[in-house]
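Reader: I have a model open on my screen and would like to learn how to read it. Could you take me through some features, with the general idea before each case?

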Amino acid sequence: MTESGKIPEVSLMKFLKHSANILKNPLPFHHDNFQKKGDTFRLNIGFNKSVIFSRDAGLVEYVLQKNQKNFVKSEIQTKDLVKYVGKGLLTSEGEHWKKQRKLIQPAFHKKQLANLLDSIEQAILLEYKKITVNEELDIFPIYNDLAFQTVVKSLFSSAANQEEINRLQYITEETQKMLVKELRQPYLGWWFKASGKIDSYLKLTSEARNILSKIVQERRESNEKYDDLLDMLLEAKYDDGNFMDEEQLIDEILILFTAGHETTSNSLTFTAQLLALNPQWQEKIYEEISSLQEQELDLMSYVTKCQITQQVIEESMRLYPPAYFIDRVNLEEDEFEGKYFEPGSNLLFSIHEVHRHPDLWKDPDAFKPERFAEGGRKYSSQYFPFGAGPRKCIGNNFAMFEMIIAVTELVSQYKILPGFDEIDIKPLITLKPKNAILKFQSRP
């Protein structure tokens, strides 16, 4: 390897020195390293153990799209997450992933999603009844429930009772918290196992699987059609004519809960906060809504014409991408623009940094939805809120439609005022909001 192919390094000592701060919020530490070392650096996290961090948009595109066959997901997703959610689309690799993606993709086509929009809207309106006007409240719990209810209604229609839904939500959120502890404190892995902590969370996962198994069994025995996601998954056939077995079906449902609700609730919360700080954009959305309502459109046509709302959401996800890191490991040695990657290199892309890179974005820290007036495709090589390439999030259209309905319904009913000085974050597996205190005034 030539000297020019060597990637700048951050020492193990510096990592250990800042470990307490990294546990709380790793982003300032990484930002400082990017500023000092450049867009790609190697962080030594143990003896002969390192992670390559990058905010090079070209490298992200190369790994996720142009040479994606040489890169797989890391053990964080293919091993650590698997024990809680199984081997579904998010956590599988290779032929198994291809087979599942091909099977499930049709359920997320726009034509199929049109059947779900009414259920999504009803779930959103029900959750908004929790908003009390002229009082400060933390909007995140409302959006957290809203996003979970939306996934549940889209999957099950009315098949699950509220007690089951609450339990599934609790288990989904608790197992994610445990996984964060495991990832942020790998040196306590022995204790998590010896104390029985991991086993207790695996029992929770088993309980969730039993609840889902019961719901699936009841649907099969009912012989009724609901045209929801569960019907589509039950009716989907592989190329050989076989259906998904029950274990795989439940894996996929758990993935939909995990990936489908948390990222959306985060994005909606950040969007509401940004609108509170930028009331002129609330009024632009309100004017657009008023104009579209006069046209008496069906819900799908309405959603696709809410362009200002979409711009606001896209800019929100630029500033606060829910999946703020994307990880990959290369199977064979690789090279990109003079940088050499030995086989088995752990690559961690900071989407948060890519989305705020001063060389890629004008006024990178400013909220400017108008930059997306021509659509997100203009920035496809530097904007990755749903990932990129073959592994791009299968539910990106579902999430965007849901968020557009949620934002337009909120702005049509309320004016949003900030109850905070600046937006605060809590980086866990996803980028979470913190202290999202807002005040709502009813529109006349």
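Predicted model: local features only at pLDDT ≥ 70, side-chain atom pairs only at ≥ 80, totals over all residues.

Author: Happy to. Let us begin with how elements are named: helices (H or I, at least four residues) and strands (E, at least two) are DSSP runs, numbered from the N terminus. Residues are numbered from 1 along each chain as its sequence is written, and side-chain values use heavy atoms, with hydrogens and water left out.

Reader: Is Tyr 128 buried or exposed?

Author: The general idea is a set of cut-offs: buried means under 20% relative accessible area, exposed over 50%, and partly exposed in between (1.4 Å probe, protein chains only). Tyr 128 has 1% relative accessibility, so this residue counts as buried.

Reader: Which residues does Tyr 128 touch?

Author: Contact means heavy atoms within 4.5 Å. Not counting residues up to four places away in sequence, Tyr 128 touches Tyr 143, Leu 146, Ala 406, Val 407, Glu 409, Leu 410, Gln 413 and Tyr 414. For a sense of distance, Tyr 128 and Glu 294 are 166 residues apart in sequence and 23 Å apart in space, C-alpha to C-alpha.

Reader: Where is Gly 88, and what is in contact with Gly 88?

Author: Gly 88 sits in the loop between α6 (82–85) and α7 (94–104). At 0% relative accessibility, Gly 88 is buried. Leaving aside neighbours within four places in sequence, Gly 88 is in contact with Gln 248, Asp 251, Glu 252 and Ile 255.

Reader: How do I read the packing of two helices?

Author: Axes are lines fitted to C-alpha atoms, for helices over the stretch in contact, and angles run from 0 to 180 degrees between N-to-C directions. Angles under 35 degrees count as roughly parallel, over 145 as roughly antiparallel, 65 to 115 as roughly perpendicular and the rest as oblique. Here, helix α11 (residues 162–184) and helix α15 (residues 246–277) pack at about 85°, their axes being 11 Å apart. The two helices are therefore roughly perpendicular to each other. From α11, the contact uses Leu 168, Thr 172, Glu 173 and Gln 176; from α15, Phe 257, Thr 258, His 261 and Glu 262.

Reader: What should I know about salt bridges?

Author: Side chains of opposite charge can pair when their charged atoms come close. The rule here is a side-chain nitrogen of Lys or Arg within 4 Å of a carboxyl oxygen of Asp or Glu. The structure holds 29 of these pairs. One of them joins Glu 127 and Lys 130, with the closest N and O atoms 2.6 Å apart. Glu 127 is buried at 6% relative accessible area, whereas Lys 130 is partly exposed at 42%.

Reader: Which parts does the pair of Arg 219 and Asp 231 tie together?

Author: In this salt bridge the closest N and O atoms are 2.8 Å apart. Arg 219 lies in helix α13 (residues 197–222) and Asp 231 in helix α14 (residues 229–235), so the pair ties together parts 12 residues apart in sequence. Arg 219 is buried, at 5% relative accessibility, and Asp 231 is buried, at 4%.

Reader: And Arg 371 with Glu 315?

Author: Their side chains meet in a salt bridge at 3.1 Å, N to O. Arg 371 lies in the loop between α19 (351–354) and α20 (396–413) and Glu 315 in helix α18 (residues 307–319), so this pair ties together parts 56 residues apart in sequence. Arg 371 is buried with a relative accessible area of 11%, and Glu 315 is buried at 0% relative accessibility.

Reader: What about backbone angles?

Author: Most residues other than glycine have a negative phi. Asn 48 has a positive phi, near 60°. Asn 48 lies in the loop between β2 (40–46) and β3 (49–54) and is exposed, at 87% relative accessibility.
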